[in-house]
2 protein chains.
Amino acid sequence: MTIHFHREIELLKKKVLSLSARVEETVYQAVQSIDKRDAVLAGKVIHSDMDINKTEIDVEEDCLKILALYKPVAVDLRFIVAVLKINYDLERIGDLAANIAERTIDLLNCQRTPFPYNFNSMAEKTLWMLQKSLDALMNMDMQSAKLVLSKDDEVDEINRDMYDEVKKHMREHPESMDQWVHHLCISRHLERIADHAVNIAEDVIYMCEGKIVRHEPREKNQIYDESIRADK
Amino acid sequence: MTIHFHREIELLKKKVLSLSARVEETVYQAVQSIDKRDAVLAGKVIHSDMDINKTEIDVEEDCLKILALYKPVAVDLRFIVAVLKINYDLERIGDLAANIAERTIDLLNCQRTPFPYNFNSMAEKTLWMLQKSLDALMNMDMQSAKLVLSKDDEVDEINRDMYDEVKKHMREHPESMDQWVHHLCISRHLERIADHAVNIAEDVIYMCEGKIVRHEPREKNQIYDESIRADK
């Protein structure tokens with residue numbers, strides 16, 4: 001049974017890693033589709049989301065099968081529960097990438113206007129967080145996971161500044177209102193992808209050390225470390 | 001062991017039901033705080049979110065304990081996995097209620113302007129979906145769960161119309177830009193609460209009949225029924 005169990009776990013890991021690579025690529029393509037005003041690429045992202053949804057169901061069924069057949073305990077049980085949660089986050093990231101791609105198509109019907117905030121910087125930071133959280137998952141690397149947590153404030157800060165900039169542009173150029181609302185939504189989608197990357201990183205930490213770190217306070221721009229105090 | 005197991009399951013059920021009642025009350029208060037411009041109530045909602053976060057961790061730890069100690073199979077295993085996911089949804093709904101309450105406080109710094117869309121109708125429908133999904137959970141009632149799925153399109157439609165209305169008001173009254181952006185965000189938060197209610201309803205269906213219904217297409221305003229075809 002142990003051999004079968006380890007084989008099942010390895011297969012599950014491979015499926016999650018392949019799903020995470022697919023999700024990462026989809027977010028990258030969504031960002032590229034905005035930058036290049038590329039409707040074909042946007043369509044590809046929207047199509048990918050359907051495959052991601054099917055894989056999510058597949059992974060969940062595998063987890064249930066492993067729980068029922070092998071009744072794992074300790075670190076193996078924690079791994080399966082973390083996979084169930086990461087799976088959910090990956091599926092939601094796929095949805096958000098599709099939402100961004102839909103905005104690419106909407107923006108093609110509008111005149112081109114520059115982003116009223118630093119879209120490239122926000123997209124880069126979000127992609128960096130997503131990649132790092134998935135690297136952390138792939139290598140069970142706590143250091144990478146903690147780096148992701150430390151970066152989240154930067155994306156939140158850009159998102160906050162973005163609101164002020166968008167409102168300013170809405171007042172000054174109300175004739176481009178559609179574009180500003182699309183830009184605002186894209187920023188919100190990116191910020192939520194960053195939040196899901198944080199969830200994944202927290203689950204990797206939980207897998208590695210069995211410690212639940214979500215809802216704990218984090219100091220701005222500071223590498224998350226063991227000395228951090230719980231929020232109670 | 002069976003007696004202990006059933007006792008643990010009953011205790012877990014009670015904890016989840018008490019969490020869900022708390023979350024439902026919090027969303028209701030968040031909506032009331034907007035309607036009454038009540039900063040004290042908004043503060044209460046934000047404070048509640050911290051308690052909800054703590055209970056979420058508690059419930060997850062209980063699930064892990066039950067999985068490790070009793071190694072449930074079949075319907076019991078499905079129940080625990082569904083609780084793990086519903087727990088996540090409840091925690092996210094608590095966050096969104098807190099986000100709405102933060103907007104109440106922001107709106108107090110602005111002149112009072114009427115909502116540019118039917119806020120009361122959207123709030124009522126969202127609260128109805130949340131209540132029904134939690135009733136479905138409490139009574140393991142598939143009919144209630146299916147009613148929730150059939151209602152989701154209505155909230156999505158209000159949310160879509162809302163964008164057009166908000167953009168119109170932004171063009172016509174740019175001097176109230178802050179208010180319009182707050183209104184837009186509140187509508188998005190309500191729509192996401194409705195999405196989480198749908199997730200909960202889908203998990204209740206999954207608990208009752210072991211069938212994963214998410215990502216399946218639903219016909220607009222039609223009671224979800226068994227004849228629906230999978231999205232593949």
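Visitor: What makes Glu154(B) count as partly exposed?

Guide: Its relative accessibility is 22%. The rule calls a residue buried under 20% relative accessible area, exposed over 50%, and partly exposed in between (1.4 Å probe, protein chains only). The 22% of Glu154(B) falls in between, so partly exposed is the label. A word on the ground rules: this is a predicted model, where local features need pLDDT of at least 70, side-chain atom pairs count only at pLDDT 80 or more, and totals for chains, interfaces and linings use all residues. Residues are numbered from 1 along each chain as its sequence is written, chains are lettered from A and ligands numbered from 1 in the order in which they are written, and side-chain values use heavy atoms, with hydrogens and water left out.

Visitor: How do you know that Lys125(B) and Glu154(B) meet in a salt bridge?

Guide: Their side chains come to 2.9 Å, N to O. A salt bridge needs a side-chain nitrogen of Lys or Arg within 4 Å of a carboxyl oxygen of Asp or Glu, so this pair passes. Lys125(B) sits in helix H4 (residues 119–139) of chain B and Glu154(B) in helix H5 of chain B, so the bridge ties together parts that are 29 residues apart in sequence. (Helices are DSSP runs of H or I with at least four residues, strands are runs of E with at least two, and both are numbered from the N terminus.) Lys125(B) is partly exposed as well, at 23%.

Visitor: Why are Glu154(B) and Lys151(B) said to be about one helical turn apart?

Guide: Because they are three residues apart in helix H5 of chain B. Lys151(B), at 21%, is partly exposed.

Visitor: What makes the pair Asp203(A) and Lys85(A) tie together parts that are 118 residues apart in sequence?

Guide: Their salt bridge, whose closest N and O atoms are 3.1 Å apart. Asp203(A) lies in helix H6 (residues 177–209) of chain A and Lys85(A) in helix H3 (residues 74–108) of chain A, so the tie runs between those two helices. Asp203(A) and Lys85(A) are both buried. Over all chains the structure holds 28 salt bridges, and Lys15(A), Asp58(A) and Asp62(A) are linked in a network of them.

Visitor: Why is the pair of Phe115(A) and Phe119(A) called stacked?

Guide: The structure holds seven aromatic pairs over all chains. In this one the ring centres are 4.3 Å apart and the planes are at 20°. Rings of Phe, Tyr and Trp (its six-membered ring) pair if their centres lie within 6.5 Å; planes under 30 degrees apart count as stacked, over 60 as edge-to-face and the rest as tilted. Phe119(A) is buried at 6%, while Phe115(A), at 22%, is partly exposed.

Visitor: And what makes Phe115(B) and Tyr117(B) edge-to-face?

Guide: The planes stand at 90°, with 5.3 Å centre to centre. That angle is over the 60 degrees required, so edge-to-face it is. Tyr117(B) counts as buried at 9%.

Visitor: How do you know that Asn159(B) and Ser187(B) are joined by a polar contact?

Guide: Their side chains come to 2.7 Å. A polar contact is a pair of N or O atoms within 3.5 Å; within protein, one must be able to donate a hydrogen and the other to accept it, and residues adjacent in sequence count only if both atoms are side-chain atoms. Asn159(B) lies in helix H5 of chain B and is buried, at 5%.

Visitor: What makes Arg171(A) and Asp178(B) a salt bridge?

Guide: The closest N and O atoms are 3.5 Å apart, so the pair is within the cut-off. The rule finds six salt bridges across the interface of chain B and chain A. Chain B and chain A bury about 3800 Å² between them, 64% of it on carbon and sulfur atoms; buried area is the accessible area (1.4 Å probe) that two parts lose on being put together, summed over both.
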